[in-house]
Amino acid sequence: QVQLAESGGGLVQAGGSLRLSCAASERTFSRYTMGWFRQDPGKEREFVAAISWIGGSTNYADSVKGRFTISRDNAKNTLYLQMNSLKPEDAAVYYCAASRMTYSGTGTDYYDYWGQGTQVTVSS
């Protein structure tokens, strides 16, 4: 099984930036589609972004388009989420996920493995 560990969360002021990382304990990391989701207390887990095996195909939620960038470094078995122009509504626990499917998906049922999450707090 693939083990995932998120890091990089913290407290940031509105308009600021953070970069989240997700380390995978799998040498075949490059063969997994990867995604980022987030969840606020009392709300459903929602899709943020996804990237295909090679990294040439990405997908973003409308709420983060133009502000967030998903990327991967297959040599380091690591997934990234660069978050710019952060808004208070971006505050949530962010989770990375891995899928054995070829193309990126937006539903939680599309993904096979999940990390434990990292907290992002945005102050006004």
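Biologist: Which residues have the most contacts inside the largest nonpolar core?

Modeller: In this predicted model, the largest nonpolar core has 36 residues. The elements that give two or more residues to this core are E3, E4, E5, E7 (68-73), E8 (78-83), E9 (92-99) and E11 (118-123). Nonpolar side chains tend to be buried together in soluble globular proteins. Inside the core, the residues with the most contacts are Leu4, Met34, Trp36, Leu79, Leu81, Met83 and Tyr94.

Biologist: Which residues does leucine 81 touch, leaving aside those up to four places away in sequence?

Modeller: Leucine 81 is one of the residues with the most contacts inside the largest nonpolar core, and Trp36 and Tyr94 are also among those residues. With sequence neighbours up to four places away not counted, the residues that leucine 81 touches are Leu18, Arg19, Leu20, Trp36, Val48, Ala49, Phe68, Thr69, Ile70 and Tyr94.

Biologist: How many helices and how many strands does the chain have?

Modeller: From the N terminus on, the elements run β-β-β-β-β-β-β-β-β-β-β. The count for the chain is therefore zero helices and eleven strands.

Biologist: What radius of gyration does the chain have, and what would a compact globule of 124 residues have?

Modeller: The C-alpha trace spans about 40 × 25 × 25 Å along its principal axes, and buried residues make up 45% of the 124 residues. A compact globule with 124 residues would have a radius of gyration near 14 Å, and the value for the chain agrees with this, at 13 Å.

Biologist: What is the handedness of the disulfide between cysteine 22 and cysteine 96?

Modeller: A search of the whole structure finds one disulfide, formed by cysteine 22 and cysteine 96 with their sulfur atoms 2.0 Å apart. Cysteine 22 lies in strand E3 and cysteine 96 in strand E9, so the pair ties together parts that are 74 residues apart in sequence. Both cysteines, cysteine 22 and cysteine 96, are buried. Because the torsion about the S-S bond is about 55°, the disulfide is right-handed.

Biologist: Why is the pair of tyrosine 32 and tyrosine 113 given its class of ring geometry?

Modeller: The distance of the centres and the angle of the planes describe a pair of aromatic rings. Both tyrosine 32 and tyrosine 113 are buried, and the pair links distant parts of the chain, with tyrosine 32 in the loop between strand E3 (18-24) and strand E4 (33-39) and tyrosine 113 in strand E10 (residues 113-114), 81 residues apart. Their ring centres are 6.3 Å apart and their planes stand at 70°, which is over the cut-off of 60 degrees, so the pair is edge-to-face.

Biologist: Which parts of the chain does the aromatic pair of phenylalanine 37 and phenylalanine 47 tie together?

Modeller: This pair is edge-to-face, at 5.7 Å centre to centre and with 75° between the planes. Phenylalanine 37 is buried, with a relative accessible area of 1%, and phenylalanine 47 counts as buried at 12% relative accessibility. Because phenylalanine 37 lies in strand E4 and phenylalanine 47 in strand E5 (residues 46-51), the pair ties together parts that are ten residues apart in sequence, namely E4 and E5.

Biologist: Which arginine lies over the face of tryptophan 114?

Modeller: Tryptophan 114 belongs to one aromatic cluster with Phe37, Phe47, Tyr110 and Tyr111. Elsewhere, the charged end of arginine 72 sits over the ring of phenylalanine 29, 4.6 Å from its centre. Over the face of tryptophan 114, at 5.0 Å from the ring centre, lies arginine 45.

Biologist: Is asparagine 77 buried or exposed?

Modeller: Asparagine 77 has a positive phi of about 55° although it is not a glycine, and its place is in the loop between E7 and E8. Its relative accessibility is 9%, under the 20% cut-off, so asparagine 77 counts as buried.

Biologist: What class of accessibility does serine 85 have?

Modeller: Serine 85 also is not a glycine and has a positive phi, of about 50°, and this residue is found in the loop between E8 and E9. Because its relative accessibility is 42%, which lies between the cut-offs of 20% and 50%, serine 85 counts as partly exposed.

Notes. Residues are numbered from 1 along each chain as its sequence is written. This is a predicted model: local features need pLDDT of at least 70, side-chain atom pairs count only at pLDDT 80 or more; totals for chains, interfaces and linings use all residues. Side-chain values use heavy atoms; hydrogens and water are left out. Rings of Phe, Tyr and Trp (its six-membered ring) pair if their centres lie within 6.5 Å; planes under 30 degrees apart count as stacked, over 60 as edge-to-face and the rest as tilted. Helices (H or I, at least four residues) and strands (E, at least two) are DSSP runs, numbered from the N terminus. Buried means under 20% relative accessible area, exposed over 50%, partly exposed in between (1.4 Å probe, protein chains only). A charge sits over a ring if NZ of Lys or CZ of Arg is within 6 Å of the ring centre and within 35 degrees of the ring normal. A nonpolar core is a set of buried Ala, Val, Leu, Ile, Met, Phe, Trp, Tyr and Cys residues joined through side-chain atoms within 4.5 Å. Contact means heavy atoms within 4.5 Å. A disulfide is a pair of cysteine sulfur atoms within 2.5 Å. The radius of gyration is taken over C-alpha atoms; the globule rule is 2.2 Å times the number of residues to the power 0.38.
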